[in-house]
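Look at the sequence and the 3D structure side by side. The paragraphs below go from the ligand to the chain around it.

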Amino acid sequence: MDHTAPDRHWVRWHRQYDVEGSSLRRRLALVQRRVGQALDAQPAGEIRVLSMCAGQGRDLLGVLPGHPRRGDVRATLVELDADLAAEATHVARAAGLDGVRVVVGDAADAGLYNYVAPVHLALVCGVFGNLSDTDVQRTVEQLPRLCQPGATVIWTRHRRSPDLTPRVRGWFADAGFDEVGFDVEDGYLIGVGTHRLAGPALPYQPDAHLFDFVGDGGDGHR
Ligand SMILES: C[S@@+](CC[C@H](N)C(=O)[O-])C[C@H]1O[C@@H](n2cnc3c(N)ncnc32)[C@H](O)[C@@H]1O
């Protein structure tokens, strides 16, 4: 990755991915495994993917280049920081992932997903730790408006006390999702949830505002 971008908070945050053994790197491995499984499980045809607050897009872009379904993927990654978005674009272009589009904007704006919604796979990683509890719940409730029936949602949230993840998992159940798995690692506060929309999808509402991103990432992974 090119780290010549300005030394802003979220640019610095991403450098933990390059630190061997860091909690962020461990979390990425869990997320990428789930992304690979979700892609493996897709029926033939186009696979539509969205990523909210995508950063450098390492979760999806770390898996797609070597995945047999890479040519079927049409994805929108939404990231507010133009330099991080440019890195994601660069990685996608260098790997020849022509179906991947990186949008610089507010990931809370549901209209930015119009190229892909409703999706087969939604990535909501590094988001829920930066929202109010109310907005986490609201976002989970809105996900069936962005998803196809049977879609997979992969999400992360730290488990620092008071651990919100039991409630998040409950909100997914209330919104019609079955839990595929909830991954943790001993000694780390990482939480990676994978849910599948078992209930009905809801109509896409491009004018919806999903959340207010208020956090700074904190130290929640350690
Ligand atoms: C914790 S990082 C997660 C990045 C990536 N999803 C990952 O897991 O590696 C949060 C990202 O959200 C971006 N961000 C913050 N507010 C945003 C917003 N309103 N819309 C889109 N991205 C936003 C930050 O620039 C940062 O890259």
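The model is predicted, and the distances here were computed from it. A nitrogen atom of the ligand lies 2.7 Å from a backbone N or O atom of C53. At A107, a polar backbone atom is 2.8 Å from a nitrogen atom of the ligand. How much of the ligand does the protein bury? Taken alone, the ligand exposes 600 Å², and the protein buries 95% of that.

Now widen the view to the surroundings of the ligand. The ligand takes up the space of the largest pocket. It is surrounded by 19 residues, and the closest are Y17, R27, C53, E79 and C125. By kind, the residues of this shell divide into ten nonpolar, five polar and four charged. Which element gives the most to the shell? That is helix α1, residues 9–14, with three residues.

Is C53 buried or exposed? Its relative accessibility is 18%, so C53 counts as buried; the cut-off for buried is under 20%. The backbone of C53 can be described by its phi angle. Most residues other than glycine have a negative phi. In C53, however, phi is near 55 degrees, which is a positive value in a residue other than glycine.

Most peptide bonds are trans. Where are cis bonds found in this chain? One of them runs from A117 to P118, with omega near 0 degrees. P118 lies in the loop between β3 (100–104) and β4 (119–124). Another cis peptide bond joins S161 and P162, and its omega is about -5 degrees. P162 belongs to the loop between β5 (147–156) and α6 (165–174).

Finally, go to strand β4, where L123 is placed. L123 has a relative accessible area of 0%, so this residue is buried.

Methods:
Residues are numbered from 1 along each chain as its sequence is written. This is a predicted model: local features need pLDDT of at least 70, side-chain atom pairs count only at pLDDT 80 or more; totals for chains, interfaces and linings use all residues. Side-chain values use heavy atoms; hydrogens and water are left out. A residue is near a molecule or strand if one of its heavy atoms lies within 4 Å of it. A polar contact is a pair of N or O atoms within 3.5 Å; within protein, one must be able to donate a hydrogen and the other to accept it, and residues adjacent in sequence count only if both atoms are side-chain atoms. Accessible areas come from the Shrake-Rupley method with a 1.4 Å probe; for residues, only the protein chains shown count as cover. On a 1 Å grid over the protein atoms alone, a cavity is a set of points where a 1.4 Å probe fits but cannot get out, and a pocket is an open set with protein on both sides within 12 Å along at least five of seven lines; lining residues have an atom within 4 Å of a point. A molecule sits in a cavity or pocket if more than half of its atoms lie within 2 Å of its grid points. Helices (H or I, at least four residues) and strands (E, at least two) are DSSP runs, numbered from the N terminus. Ala, Val, Leu, Ile, Met, Phe, Trp, Tyr, Cys and Pro count as nonpolar, Asp, Glu, Lys and Arg as charged, and the others, Gly among them, as polar. Buried means under 20% relative accessible area, exposed over 50%, partly exposed in between (1.4 Å probe, protein chains only).
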